[in-house]
Amino acid sequence: MDDLADLTKGALRRFAKSVVIITTRFTELRYAMAATAVVELSLDPPSLLVCVNKAASLAKPLVEGAKFAVNLLGKDHAALPVSCSAPQHGEDRFKIGDWCEWEKVPVLRDAQASFLCTPDVVTPYGTHYVVIGKIEAVRQSGSVEPLIYVDRLYHRTALLE
């Protein structure tokens, strides 16, 4: 990796981001991936922008148009992103957490929020696919206490009054 890439990687670790698990069902199999590269895009139409590495098992289902959910994790979910990352694969990623089905898509029942989306635009860029998901439905749970990821560590939020 060159100096600019190393500097960029180090600087990006300073972004504090909410942690999500992106889930889908495709050809009767469930997929889950922990991510922080998810942002709100528009309210008209309601949409999210999701970035997924082309090598991720979740990439093919999204490129093929599978409906997906973005599950925003709360402060007590720190074990979930670890379980939804390598070396775990397939159904092993669903061993912990309170999972249910929402229009055949796996969702975390106690997520801070879950967004049910349909891929609207999928664009390759470098090592990733940029996916614009059109939001079809939203669920919310509990008080606002998202799990945050910064400098390769998970943190709970401390709300200032």
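A residue counts as buried when its relative accessible area is under 20%. In this predicted model, buried residues make up 35% of the 161 residues in the chain. The chain holds three helices and 12 strands. Its radius of gyration is 15 Å, close to the 15 Å that the globule rule gives for 161 residues, so the chain is as compact as a globular protein of that length.

**Nonpolar cores**

- The largest nonpolar core comprises 20 residues, and those with the most contacts inside it are Ile22, Val50, Val52, Phe68 and Val70.
- Two or more residues of this core come from each of strand E2 (20–26), strand E3 (29–35), strand E5 (46–53), helix H2 (59–63), strand E6 (68–72) and strand E10 (128–140).
- A second, separate core has 11 residues, including Leu73, Leu80, Trp99 and Leu108.

**Contacts**

- Leaving aside residues up to four places away in sequence, Val52 touches Met33, Leu58, Ala59, Leu62, His128 and Tyr129.
- Of the contacts in the chain with a separation of 6 or more, 63% are between residues 24 or more positions apart.

**Dimensions and surface**

- Taken along the principal axes, the box filled by the C-alpha atoms of the chain is roughly 45 × 40 × 35 Å.
- The chain exposes about 9,500 Å², of which carbon and sulfur atoms supply 56%.

Conventions:
Residues are numbered from 1 along each chain as its sequence is written. This is a predicted model: local features need pLDDT of at least 70, side-chain atom pairs count only at pLDDT 80 or more; totals for chains, interfaces and linings use all residues. Side-chain values use heavy atoms; hydrogens and water are left out. A nonpolar core is a set of buried Ala, Val, Leu, Ile, Met, Phe, Trp, Tyr and Cys residues joined through side-chain atoms within 4.5 Å. Buried means under 20% relative accessible area, exposed over 50%, partly exposed in between (1.4 Å probe, protein chains only). Helices (H or I, at least four residues) and strands (E, at least two) are DSSP runs, numbered from the N terminus. Contact means heavy atoms within 4.5 Å. The radius of gyration is taken over C-alpha atoms; the globule rule is 2.2 Å times the number of residues to the power 0.38. Accessible areas come from the Shrake-Rupley method with a 1.4 Å probe; for residues, only the protein chains shown count as cover.
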